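Me: Can we walk through this model together? I'd like quick answers, topic by topic.

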Amino acid sequence: HLNLNHNLISLLKFKHFENLINLKRLDLAYNLIKNLNSEVFNNLHSLEILDLSFNRINNLNNSLLVLNNLKSVYLASTRIENIAFNDSTKIEILYLSRTTIILLKSINFTQYLNLIELDLSYINLGSKFLLNIPFSDMKKLKTLYFKDTYLDYSLNFLSEIPTLVNFDMSLNNIFAKYSFIYQNLIILESLYISNTDLEYLE
């Protein structure tokens, strides 16, 4: 585990990680990184967890394509507009909170059917966008964070995720009965619906 978070790093080069072939986790959160060289992670064949959250990154330059063993990716509060992984990569945890709808529209979610945890909080999604996510095919999905995502009228997607254990949809305009919200969520352990417009329980 290499932890470089909360520094003033603005530039990354291949030579910085060249000999870390067995590195499993790389934490670069809270730095000043703007762009990534396409070859910067080329020798990190064992990397499973990458955290680039809270950087000024605009472009990943396909730098993640070489990370075949990558499982967890944290890109919260970045400025990226597209993301690409190797086809053989099986992402299980994906944090994209406080990114942009432009990024999300560029993602083909059918390539992320192994997701266990997904965070799309603090993005102006709206309920219609959720139709683009194949929840019914995400058989392993356990945790969803949709806090302040402008969800409003449609929560039908919840019935497609019987594996859901944790769900946060706080700070949304939910006009629905409480009983409908948790319908079919038989193994649910935590549900956050605080600060919504929910009017009554049934």
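**Working through the model**

Reply: Start with Asn156, which counts as partly exposed at 48% relative accessibility. The cut-offs: buried is under 20% relative accessible area, exposed is over 50%, and partly exposed is in between, with a 1.4 Å probe and protein chains only. This is a predicted model, where local features need pLDDT of at least 70, side-chain atom pairs count only at pLDDT 80 or more, and totals for chains, interfaces and linings use all residues. Residues are numbered from 1 along each chain as its sequence is written, and side-chain values use heavy atoms, with hydrogens and water left out.

Me: Where is Asn156 found?

Reply: In the loop between strand E7 (143-145) and E8. Helices (H or I, at least four residues) and strands (E, at least two) are DSSP runs, numbered from the N terminus.

Me: And how far apart are Asn156 and Leu130?

Reply: In sequence, 26 residues. In space, 9.6 Å from C-alpha to C-alpha.

Me: Zoom out. How many helices and strands are there?

Reply: The protein has 3 helices and 9 strands. Along the sequence the pattern reads β-α-β-β-β-β-α-β-β-β-α-β.

Me: What percentage of the residues is buried?

Reply: 44% of the 202 residues.

Me: What about contacts?

Reply: Contact means heavy atoms within 4.5 Å. Of the contacts with a separation of 6 or more, 43% come from residues 24 or more positions apart.

Me: Switching to charge. How many positive and negative side chains?

Reply: 17 positive and 19 negative. The centres of the two sets lie 6 Å apart. Lys and Arg count as positive, Asp and Glu as negative; His and the chain ends are not counted. Each charge is placed at NZ of Lys, CZ of Arg, CG of Asp or CD of Glu.

Me: How many salt bridges?

Reply: The count comes to 1. The rule asks for a side-chain nitrogen of Lys or Arg within 4 Å of a carboxyl oxygen of Asp or Glu. Lys24 pairs with Glu48, with the closest N and O atoms 3.7 Å apart. The pair links distant parts of the chain, 24 residues apart. Lys24 sits in the loop between helix H1 (14-17) and strand E2 (25-27), and Glu48 in the loop between E2 and strand E3 (49-51).

Me: Now Asp168. Which strand?

Reply: E8, residues 166-168. Asp168 is buried yet has no salt bridge. Lys147 is the nearest side chain of opposite charge, 4.8 Å away.

Me: Which residues does Asp168 touch?

Reply: Leu144, Tyr145, Phe146, Lys147 and Tyr192, leaving out residues up to four places away in sequence.

Me: Last topic, backbone angles. What is phi of Arg98?

Reply: Near 60°, a positive value in a residue other than glycine. Most residues other than glycine have a negative phi. Arg98 lies in the loop between strand E5 (93-95) and helix H2 (101-106). Arg98 is partly exposed, at 44%.

Me: And phi of Asn195?

Reply: Near 55°, also positive. Asn195 follows strand E9 (190-192) and counts as exposed at 62% relative accessibility.
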